[in-house]
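Here is my note on the model you sent. Please read it with the structure open.

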Amino acid sequence: MRTKIAIQGIKGSFHHQVAKDYFYQNVAVDECLSFEELVDSLLKGDSDQAVMAIENSIAGPIIPNYALIDKNNLHIIGEHYLDIIQNLMALPGQKIEDIQEVHSHPMALLQCMDFLKKYPNIKLVEDKDTAETARRIHENQIKGIAAIASETAAEMYHLEIIAPSIQTIENNMTRFVILKKENSFVSEDEINRASIKFELDHKRGSLAAVLNVMSDCKLNLTKIQSLPKIETPWKYSFFVDVTFDKYEDYAKAKALVSIMAHYFKVLGEYKNTKPLLESPN
């Protein structure tokens, strides 16, 4: 029986691409229209694991998704980075001169605005999902309308790429996390990244003290994000990602921070897969 993976969007979406890349197989997917539905799929047992976008190299962290993971006590067991390449596609045989409208997710349209500005006569229409637009064009054989989506969507829905890689910024990478309802224990020899949450008393120097502990324990702080506690005005939760060379260093820091913090929680301990960026020539 194949593992079922919950994804945000439909087949052909970037989430679907990550599911295929990460699990190295033709996985069965549960298509979810929102991240809330994705979480429900895991909690209800409709899927075994889930793929969730968590941050983008340009737009930054997707804060509501951190809150969803925390609120529903989900576990991060892995991560995957995907280079987001946007392509203009339509029914075969059409040229860009034949296109009257371009439909796609608002973020995809924004990411490709420099290219789209070259064609002021084309109407831009916001849609709920990149791959869904591609599927609709194929199913209804709609001419004169193009979609902006992944190469996977073009292949799956038999569309022709009129213009490849039209995103304005080339290095546009999104980090996805792999989620499970129950924790999946990874060997300490493989763990070199962790996502944690903590809350501190509202007093001077409390955050600085925690950051000093992390530094002294040789942890590399890759992200820190604060979220206000709605039920407690002027108090904040901190979501932090760290990387490290030795699990022992992280374990020491974890023990110390759990004592210093008013509240401490591990969202996930897993293997860091962030690709190395090439140095400029």
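1. Basis. This is a predicted model, in which local features need pLDDT of at least 70 and side-chain atom pairs count only at pLDDT 80 or more, while totals for chains, interfaces and linings use all residues. Residues are numbered from 1 along each chain as its sequence is written, and side-chain values use heavy atoms, with hydrogens and water left out.

2. Overall make-up. The chain has nine helices and 15 strands; helices (H or I, at least four residues) and strands (E, at least two) are DSSP runs, numbered from the N terminus. The C-alpha trace spans about 65 × 45 × 45 Å along its principal axes. Of the 281 residues, 48% are buried, where buried means under 20% relative accessible area, exposed over 50% and partly exposed in between (1.4 Å probe, protein chains only). Taking contacts (heavy atoms within 4.5 Å) between residues at least 6 apart in sequence, 73% join residues at least 24 apart.

3. Partners of E3. Two strands are taken to pair if DSSP finds at least two bridges between them. Strand E1 (residues 4–8) runs parallel to E3 and is joined to E3 by two bridges; here Ala-6 stands opposite Ala-50. With strand E11 (residues 173–180) the pairing is antiparallel, over six bridges, and Met-52 stands opposite Val-177. Strand E4 (residues 60–61) also pairs with E3 in the antiparallel sense, over two bridges, with Glu-55 opposite Pro-61. Three residues lie between E3 and E4, and the two strands form a hairpin.

4. Largest pocket. On a 1 Å grid over the protein atoms alone, a cavity is a set of points where a 1.4 Å probe fits but cannot get out, and a pocket is an open set with protein on both sides within 12 Å along at least five of seven lines; lining residues have an atom within 4 Å of a point. Grid points are joined across faces, edges and corners, and a volume is the space filled by probe spheres set on the points. The largest pocket has a volume of about 540 Å³. It is lined by 21 residues, and the closest to its centre are Gln-8, His-15, Ala-53, His-105 and Met-107. Helix H1 (14–23), E3, helix H4 (106–111) and E11 are the elements that give two or more residues to this lining. The largest share, three residues, comes from H4. By class, the lining divides into nine nonpolar, 10 polar and two charged residues; Ala, Val, Leu, Ile, Met, Phe, Trp, Tyr, Cys and Pro count as nonpolar, Asp, Glu, Lys and Arg as charged, and the others, Gly among them, as polar.

5. Second largest pocket. About 360 Å³ of space lies in this pocket. Its lining has 15 residues, of which Asn-56, Ser-57, Tyr-81, Met-173 and Lys-274 are the closest to the centre. At least two lining residues each come from E3, strand E5 (75–83), E11 and strand E13 (220–228), and the largest share, three residues, is from E11. The classes are three nonpolar, six polar and six charged.

6. Cavity. How many cavities of 30 Å³ or more does a search of the whole structure find? The search finds one, and the volume of the largest cavity is about 50 Å³. Its lining consists of Ile-196, Met-214, Leu-219, Val-242, Tyr-250, Ala-253, Lys-254, Val-257 and Phe-264. Helix H9 (residues 247–260) gives the largest share, four residues. Eight of the lining residues are nonpolar, none polar and one charged.

7. Cysteines. The structure holds zero disulfides, a disulfide being a pair of cysteine sulfur atoms within 2.5 Å. Cys-112 is buried, with a relative accessible area of 0%. Cys-217 is also buried, at 6%.

8. Gln-141. This residue lies in the loop between helix H6 (130–140) and strand E9 (145–149). Gln-141 and Pro-92 are 49 residues apart in sequence, and their C-alpha atoms are 10.0 Å apart in space. Leaving aside neighbours within four places in sequence, Gln-141 is in contact with Leu-91 and Arg-136.
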